[in-house]
Amino acid sequence: TLVHGTELTLRDLRSRNRRILWTDAAKIFANIADVWSEAEIERIARGFFRSPLLSVFAVVPRLLFNVTEYYNWLISERGQGYRIVPSVDAHPERHGTDHLTVTFKMHPGYDVVPAYFVATKGIFSEMTAQLGHEAARVDLQLSATGAVFDIHHPTGGGALAFVRRRV
């Protein structure tokens, strides 16, 4: 099962209020990698962003963020990505309006888990589709301390972004 090798139960995974330690998350991702290929893990992660349930929540980001702002929001210390996995430092580097490199570095003492980064690649590629654009092209390079995502994405979006910027 997904939780094999952890102290967690499937019920723990379903709990909205349960925080999962990185050691347990790392084991879960390792279990996932034992079952699915990297291509399947990426496809499943992309499918998460295409789910009808999540599309309801995409209305606000679609109006308030352009593509660049959406990536920046997700990977910033105030963004959802950091809240979900605080053991990773994300360092974005912009290369023009449609190209972004994001370096993920695990905090000392935290394992680098390839399946986590493969799933993140799928999420990064599908984020632009959530905003009504084509999926981004994302290349992944794993390292001893984390990963580098090379993201080529469409531009635009955020018809009401000026409202968010003024608040």
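Me: Is Leu-2 buried, exposed or partly exposed?
Reply: This is a predicted model. In it, Leu-2 is partly exposed, with a relative accessible area of 33%.

Me: Where is Leu-2 found?
Reply: Leu-2 lies in the segment before helix H1 (10-14).

Me: And which residues make the nonpolar surface patch?
Reply: Leu-2, Leu-10, Val-35, Trp-36 and Ile-44 make it, and the patch is about 430 Å².

Me: Switching to H3. What should helix H3 span, and how far apart are its end C-alpha atoms?
Reply: Helix H3 covers residues 38-50, which is 13 residues, and at 1.5 Å a residue it should span 18 Å. The end C-alpha atoms are 19 Å apart, which agrees.

Me: Which residues in H3 are buried?
Reply: Ile-41, Glu-42, Ala-45 and Phe-49. They cover an arc of only 100° around the axis, so they sit on the same side of H3.

Me: Why would residues a few places apart point the same way?
Reply: An α-helix has 3.6 residues a turn, so residues three or four places apart point the same way.

Me: What does the face of H3 turned away from the buried side carry?
Reply: Exposed residues: Ala-39, Arg-43 and Arg-50.

Me: Which helix is Asp-24 in, then?
Reply: Asp-24 is in helix H2, residues 22-35.

Me: What is Asp-24 in contact with, leaving aside neighbours within four places in sequence?
Reply: Thr-6, Glu-7 and Leu-8 are the contacts of Asp-24 on that basis.

Key. Residues numbered from 1 in each chain as written. Predicted model: local features only at pLDDT ≥ 70, side-chain atom pairs only at ≥ 80, totals over all residues. Heavy atoms only, no water. Helix = DSSP H or I, 4+ residues; strand = E, 2+ residues; numbered from the N terminus. Contact = heavy atoms within 4.5 Å. Expected span 1.5 Å × (residues − 1). Buried < 20%, exposed > 50% of the residue type's maximum accessible area, 1.4 Å probe, protein only. Arc of directions from axis to C-beta. Patch = residues over 30% accessible without salt bridge, like charges linked within 9 Å, V, L, I, M, F, W, Y side chains within 5 Å. Areas by Shrake-Rupley, 256 points an atom, 1.4 Å probe, with all protein chains shown as cover. Salt bridge = Lys/Arg side-chain N within 4 Å of Asp/Glu carboxyl O.
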